[in-house]
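Student: Could you show me how to read the strands and the chain contacts in a model like this one?
Tutor: Gladly; let us look at it together.

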Amino acid sequence: MPNTDNRYQIGAGFKAVIRRDLTSLWRNRSDIASPLVFFLISITLLPLGVDPSDKLLATIAPGMIWIMALLATLLSLDTLFRQDYDDGSLTQFILSPQPLYLTVLAKVIVHWLTTGLPLALIAPVLGVMLSLPSGGYWPLVLSLTIGTAIMSLIGAMGAALTVCLRSSALVLTLIIMPLYLPVLIIGANTVSSAVAGFGATQGLALLGAALALALLVMPLAAAGALRISSNH
Amino acid sequence: MSEPLLTLENLSCERDGRTLFSGVHYTCNRGTLLQIVGFNGAGKTTLLHTLAGLLPASSGTVLWRGQPAHRQRQAFYQELLYLGHQVPVKPQLSVRENLLWLGALNPPATEAAIAEALAEVDLAGFEDSPSYALSAGQKRRVLLAQLYLSRATLWILDEPFTAIDKAGVQKLEAAMACHAAKGGVVLFTSHQPLAMAEFSILDLSAYQTPQEFADA
């Protein structure tokens, strides 16, 4: 009988997708560099475009770094499911006994590891360029680490909804921008209030709560959207 | 053992408001080897998508082991192997790496099994070649290697012979016949004349609605 031993491991597909995406991204390193380069260039140009006095830059630094991180994440979202949709991998994901929730989560984790996390890690360097007061460094890194994870999760839902559209970038932006706003407001405020001496705990706790919610809801929503998109 | 594995009950499908076919009844027992034929646009791929649960049927149901397939998705997908038009072979990964991730979605494949499957599709020695260096036919062969790895009962193959050379077609036909002989079910579409001894044919042209002919 062909099907006497059909046991499979739930986590196997999850690990396989993470390994697959990390390997193929590593071999195409230039693809993942573009959000990071965008982030670096836009922040570097900022002091040239506005009055480069320490006082002004320190005031706008938390907000500017957060906005640029948001835009850099947005820039990278369009390709999240695109290749898998085009080459039929998505069909295989849907038709496998592995829960689609975990497969989507694996894709989101890889996206975050290759865009969000590097952005968060180089943020202190950009903080120095924008003369961010030293009290703001840790809150900046922590809030961006959590915040970019939330943005990857929300973005996955948007990317899943729009993957079947030929030119999806505009629709994708319109769908997820409203959901990004609270993250941006809380994130940038966390850094500002830490700089002003009010502590970052409250903001980080709020971001953490949002991350927990997004982890539960967003991969489910994205999985549902992918099932619909795969028909077109 | 005589229980039918896959049953199509009064299945109808539409695409963009156009009814492609309606009232398809078919029962696949163990050992069925079924070729789905029809003119271009008759709905062969749509039928396969509907059977796999990628598309909802506009009416009718697909039964797997007597139960509606969409109610027992996980159990159904454990026994399903679907190979479509598209070739999910990542160009940056090696042949082996591609089979490993494809295999991990289903019951996991071992290294030895992968080597054996690649030998079956004449890709022995290509394990570590990057997939972008493969020809179109070789990429399809990587996909077909899954047939030798999979432990699924139901094979749904959409145009499996595309871009495969003559010797490869013969081997593939043998693999399909062998799977059916072992009690599996193979559903496939193809426009090629086949040399296989025994297989049934489901002609979708017979299920077109009268209006379709009037429109044409």
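Student: In which sense do strand β3 and strand β8 of chain B pair, and over how many bridges?

Tutor: This is a predicted model, in which local features need pLDDT of at least 70, side-chain atom pairs count only at pLDDT 80 or more, and totals for chains, interfaces and linings use all residues. Residues are numbered from 1 along each chain as its sequence is written, while chains are lettered from A and ligands numbered from 1 in the order in which they are written. Strands (E, at least two residues) and helices (H or I, at least four) are DSSP runs numbered from the N terminus, and two strands pair if DSSP finds at least two bridges between them. Here β3 (residues 33-37) and β8 (residues 185-189) of chain B are parallel and share four bridges, with B:Ile36 having B:Thr189 as its bridge partner in β8(B).

Student: What stands opposite B:Ile36 in β9(B)?

Tutor: That residue is B:Leu202, and β9(B) pairs with β3(B) in the parallel sense, over four bridges.

Student: In what order do the strands of the open sheet lie?

Tutor: The order of its five strands in chain B is β6-β7-β8-β3-β9, with parallel pairing. The edge strands, each pairing on one side only, are β6 (80-83) and β9 (200-203) of chain B.

Student: How many residues of chain A are in contact with chain B?

Tutor: Two residues are in contact if their C-beta atoms, placed from the backbone, lie within 7 Å. By that rule, 30 residues of chain A are in contact with 31 of chain B, and α1(A) gives the largest share of chain A's side, eight residues.
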